[in-house]
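Hi everyone, thanks for making time this morning. I'd like to walk you through one model, so please have the viewer ready and stop me if you get lost.

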Amino acid sequence: AGYFATTTGLSTCTSCGIGTFASSTGLSTCTACGIGTYANSTGQLDCRQCSAGTYSEVTGMSMCSMCSSGAFASGPGLTACYSCVAGSFASGTGVSVCSGCSTGFFATGSGLSACTGCVAGSYLVFYYSATTACSLCSAGSYTSAPGFTTCTPCISGTYSSGSGMSVCASCGSGQVAGGAGLTSCSSLCAAGYFATTTGLSTCTSCGIGTFASSTGLSTCTACGIGTYANSTGQLDCRQCSAGTYSEVTGMSMCSMCSSGAFASGPGLTACYSCVAGSFASGT
């Protein structure tokens, strides 16, 4: 078996060539391997079945062909490969089973080598999806890249006002977004507070010596001369009381007039010397 002699009067038999076999003794010819089988060496008694992931569609093969990407052969001895169905893929050659598209990805046609991810700003929760049923992220959330299964809420200091967003916008200066997943900046900074940069979640109170008289401001204003602010978060500055003054801006307290000088009214920027015939013994 595995050998043959085609003519009479021979002293030796010849081994069957690759792709052929002789299953019994005394044969004058070898038989070609059938489809789905192969023989990769000489002198074979029978042919082997193509392994999973390979096939042979013609007779007399010395080796089987591998399935191309997007196709599979699930069992031994197959004569053809089959296309991966919609919702699945085969990225490499010689595959015995197709892989299902993971969540966030889809394959709408058959015979595909890869799945397609939902575009940024959308998501897909289904596994093995054969449809393009990606959902848009709702306002207040986003996806920054393809293939997401859920959307991410906008972080504090940012927002998205519409659906299908791939990035959240930063709140402008003087505005804040105090929580996650907001569709707009939640509020303007209150009077007495400010936000100098974009993307902030909280406003900062004006420091001593400064004030903010209206909402939505990006900076605080220094108290003018003759006024002061001795605590934070002030809407306006107070006038220096009689007997005190401030001659520079941004003061947190007023200075007392020195002995021999006076300030008769509020909001003065300097003290005045006592006239001849009068005096001031204290400050």
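This is a predicted model: local features need pLDDT of at least 70, side-chain atom pairs count only at pLDDT 80 or more; totals for chains, interfaces and linings use all residues.

Let's begin at Cys 203, which has a relative accessibility of 22% and therefore counts as partly exposed. The cut-off for buried is under 20% relative accessible area, so Cys 203, at 22%, falls in the partly exposed class. Which cysteine does Cys 203 form a disulfide with? The partner is Cys 189, and the two sulfur atoms are 2.0 Å apart. Cys 189 has a relative accessible area of 0%, so Cys 189 is buried.

As for where the two ends sit, Cys 189 is in the loop between strand S22 (187–188) and strand S23 (193–194), while Cys 203 is in the loop between S23 and strand S24 (204–205), so the pair ties together parts that are 14 residues apart in sequence.

How many disulfides does a search of the whole structure find? The search gives 15. Let me show you another two of them.

Please go to Cys 101, which a disulfide joins to Cys 115, with an S to S distance of 2.0 Å. The S-S torsion here is about -80 degrees, so the disulfide of Cys 101 and Cys 115 is left-handed. Cys 101 belongs to the loop between strand S12 (99–100) and strand S13 (105–106), and Cys 115 to the loop between S13 and strand S14 (116–117), so this pair links parts that are 14 residues apart in sequence. Buried or exposed? Both Cys 101 and Cys 115 are buried.

Now move along to Cys 154 and Cys 168, a disulfide with its sulfur atoms 1.9 Å apart. The torsion about this S-S bond is about -80 degrees, so the disulfide of Cys 154 and Cys 168 is left-handed. Cys 154 is in the loop between strand S18 (152–153) and strand S19 (158–159), and Cys 168 is in the loop between S19 and strand S20 (169–170), so the parts tied together are 14 residues apart in sequence. Cys 154 and Cys 168 are both buried.

While we are in that loop between S19 and S20, have a look at Gly 164, which is also placed there. Gly 164 has a relative accessible area of 26%, so this glycine is partly exposed. Setting aside neighbours within four places in sequence, Gly 164 is in contact with Gly 121, Leu 136 and Cys 137. If you want a C-alpha distance to check on your own screen, Gly 164 and Tyr 123 are 9.3 Å apart in space and 41 residues apart in sequence.

Next, the aromatics. How many aromatic pairs does the structure hold? There is one. The rings are those of Phe 72 and Tyr 82, with centres 6.3 Å apart and planes at 50 degrees, so the pair is tilted. Phe 72 is in strand S9 (residues 71–72) and Tyr 82 in strand S10 (residues 82–83), so the pair ties together parts 10 residues apart in sequence. Tyr 82 has a relative accessibility of 46% and so counts as partly exposed.

One more residue, and then we zoom out. Thr 54 is in strand S7 (residues 54–55), and with a relative accessibility of 12% it counts as buried. A polar atom of the Thr 54 side chain lies 2.6 Å from the backbone oxygen of Ser 51. Beyond its neighbours within four places in sequence, Thr 54 has contacts that include Cys 64, Met 66 and Leu 78.

Now for the whole chain. The protein chain has 32 strands and zero helices. What does the C-alpha trace span along its principal axes? The answer is about 160 × 35 × 15 Å. The radius of gyration is 44 Å, whereas a compact globule of 283 residues would have one near 19 Å.

Of those 283 residues, 31% count as buried. The accessible surface comes to about 14,700 Å², and 55% of that belongs to carbon and sulfur atoms. Finally, among contacts in the chain with a separation of 6 or more, 40% are between residues 24 or more positions apart.

That's my tour, and I'm happy to take questions.

How values were computed. Residues are numbered from 1 along each chain as its sequence is written. Side-chain values use heavy atoms; hydrogens and water are left out. Helices (H or I, at least four residues) and strands (E, at least two) are DSSP runs, numbered from the N terminus. Buried means under 20% relative accessible area, exposed over 50%, partly exposed in between (1.4 Å probe, protein chains only). A polar contact is a pair of N or O atoms within 3.5 Å; within protein, one must be able to donate a hydrogen and the other to accept it, and residues adjacent in sequence count only if both atoms are side-chain atoms. Contact means heavy atoms within 4.5 Å. Rings of Phe, Tyr and Trp (its six-membered ring) pair if their centres lie within 6.5 Å; planes under 30 degrees apart count as stacked, over 60 as edge-to-face and the rest as tilted. A disulfide is a pair of cysteine sulfur atoms within 2.5 Å. The radius of gyration is taken over C-alpha atoms; the globule rule is 2.2 Å times the number of residues to the power 0.38. Accessible areas come from the Shrake-Rupley method with a 1.4 Å probe; for residues, only the protein chains shown count as cover.
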